[in-house]
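Q: I have a sequence and a set of coordinates to read. Please take me through the features one at a time, with the general idea before the case.

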Amino acid sequence: MGGISDALQGVKSRLDAACLAAGRPAGDVALLAVSKTFPADTVREAFDAGQRAFGENYVQELTEKSDALATLPIEWHFIGPLQSNKTRPVAECASWVHAIDRLKIAERLSAQRPEHLPPLQVCIEVNVSGETTKHGVAPAEVLALARQVAALPRLQLRGLMAIPAPADDLAGQRVPLRALRELFDQLIGEGLPLDTLSMGMSADLEAAVLEGATMVRIGSAIFGSRPRPASTPT
Ligand SMILES: *Cc1c(COP(=O)(O)O)cnc(C)c1O
């Protein structure tokens with residue numbers, strides 16, 4: 001074991017401390033290790049250190065790494081924006097998709113999900129910061145989309161996801177995360193059986209746990225800074 005095992009332990013300690021501070025039981029929050037831009041060997045190292053769920057942003061990386069590591073019981077999460085012409089490999093390789101932002105993508109994933117696999121677990125991405133450049137559905141449109149996605153036969157709608165604009169301090173980080181949490185509670189109030197709030201990254205993990213995250217997506221705090229810009233398309 002080396003750096004990655006230690007970093008993984010460090011993130012788990014941060015998560016436990018954040019749960020304690022939030023009055024939540026330790027282990028209440030699932031850890032998704034975001035391995036985008038890192039090679040399959042690095043994923044294997046984290047797997048050997050006990051990590052099972054990994055997040056990828058680019059379709060080609062997802063398919064390459066899931067092929068290379070096919071013998072390992074890894075749960076792959078696709079967390080990047082998805083174009084409609086690239087849904088099929090995701091429907092075939094991933095267990096989860098976090099960033100559903102329109103019905104067309106959800107319909108294609110449902111139609112393309114192989115029969116021998118369980119339904120694809122999905123979250124809707126919400127644009128909680130209101131920036132025009134960001135992906136995600138406007139908060140006012142989430143309920144309608146959620147009802148449509150929940151009705152698709154080969155998908156299981158689990159919850160909401162967001163990537164808020166960066167903020168400097170904990171109080172500032174909490175504002176958009178709280179907005180997502182409130183939306184999540186509203187959807188549950190409307191009768192949607194949701195259980196997953198996918199929010200929190202390396203820089204705002206503590207704020208996310210305070211605001212009720214059930215799954216945090218952590219990249220650089222586990223794997224180090226990325227070898228090329230995260231925005232590089234594939
Ligand atoms: C890269 C990425 C992460 C992880 O970000 P870090 O700051 O490296 O922890 C989480 N979620 C999404 C959608 C990402 O693209």
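A: Start with burial: a residue is buried under 20% relative accessible area, exposed over 50% and partly exposed in between, with a 1.4 Å probe and protein chains only. By that scale His77 is buried, with a relative accessible area of 0%. The model is predicted, so local features need pLDDT of at least 70 and side-chain atom pairs pLDDT 80 or more, while totals for chains, interfaces and linings use all residues. Residues are numbered from 1 along each chain as its sequence is written, and side-chain values use heavy atoms, without hydrogens and water.

Q: Where does His77 lie, and which residues does His77 touch?
A: Helices (H or I, at least four residues) and strands (E, at least two) are DSSP runs numbered from the N terminus. His77 lies in strand β3. Contact means heavy atoms within 4.5 Å. Not counting residues up to four places away in sequence, His77 touches Leu32, Ala53, Phe54, Gly55, Glu56, Trp96, His98 and Met215. His98 is 21 residues from His77 in sequence, with 7.2 Å between their C-alpha atoms.

Q: Which side chains make polar contacts with that of His77?
A: A polar contact is a pair of N or O atoms within 3.5 Å; within protein, one must be able to donate a hydrogen and the other to accept it, and residues adjacent in sequence count only if both atoms are side-chain atoms. The side chain of His77 has such a contact with the side chain of Glu75, at 2.8 Å. Another, also given as 2.8 Å, joins the side chains of His77 and His98.

Q: How many residues surround the ligand?
A: A residue is near a molecule if one of its heavy atoms lies within 4 Å of it. Here 13 residues surround the ligand, and the closest are Lys36, Asn57, Ser202, Ser220 and Arg226. For residue classes, Ala, Val, Leu, Ile, Met, Phe, Trp, Tyr, Cys and Pro count as nonpolar, Asp, Glu, Lys and Arg as charged, and the others, Gly among them, as polar. The shell divides into 6 nonpolar, 4 polar and 3 charged residues.

Q: Which atoms of the protein lie 2.8 Å or 2.7 Å from ligand atoms?
A: An N or O atom in the side chain of Arg217 is 2.8 Å from a nitrogen atom of the ligand. A polar backbone atom of Gly219 is 2.8 Å from a ligand oxygen, and a backbone N or O atom of Ser220 lies 2.7 Å from an oxygen atom of the ligand. Taken alone the ligand exposes 390 Å², of which the protein buries 91%. Such areas come from the Shrake-Rupley method with a 1.4 Å probe; for residues, only the protein chains shown count as cover.

Q: Is Arg226 buried, partly exposed or exposed?
A: Arg226 counts as partly exposed because its relative accessible area is 29%. Arg226 lies in the segment after α9 (220-223). Beyond its neighbours within four places in sequence, Arg226 is in contact with Lys36, Thr37, Phe38, Gly219 and Ser220.

Q: What is the phi of Thr37?
A: Thr37 is not a glycine, yet has a positive phi of about 75°. Thr37 lies in the loop between β1 (30-34) and α2, and is buried at 11% relative accessible area.

Q: Which residues of helix α3 are buried?
A: As a general idea, an α-helix has 3.6 residues a turn, so residues three or four places apart point the same way. In helix α3 (residues 59-68) the buried residues are Val59, Glu61, Leu62, Thr63, Lys65 and Ser66. These pack against α2 (40-48), β2 (53-56), β3 (75-78) and α4 (87-93).

Q: Which residues of the largest nonpolar core touch the most other members?
A: A nonpolar core is a set of buried Ala, Val, Leu, Ile, Met, Phe, Trp, Tyr and Cys residues joined through side-chain atoms within 4.5 Å. The largest has 65 residues, and Leu109 and Leu160 touch the most other members. Helix α1 (residues 3-21) gives the largest share of this core, 6 residues. Apart from this core lies another, of 9 residues, among them Leu32, Val34, Cys123 and Met215.
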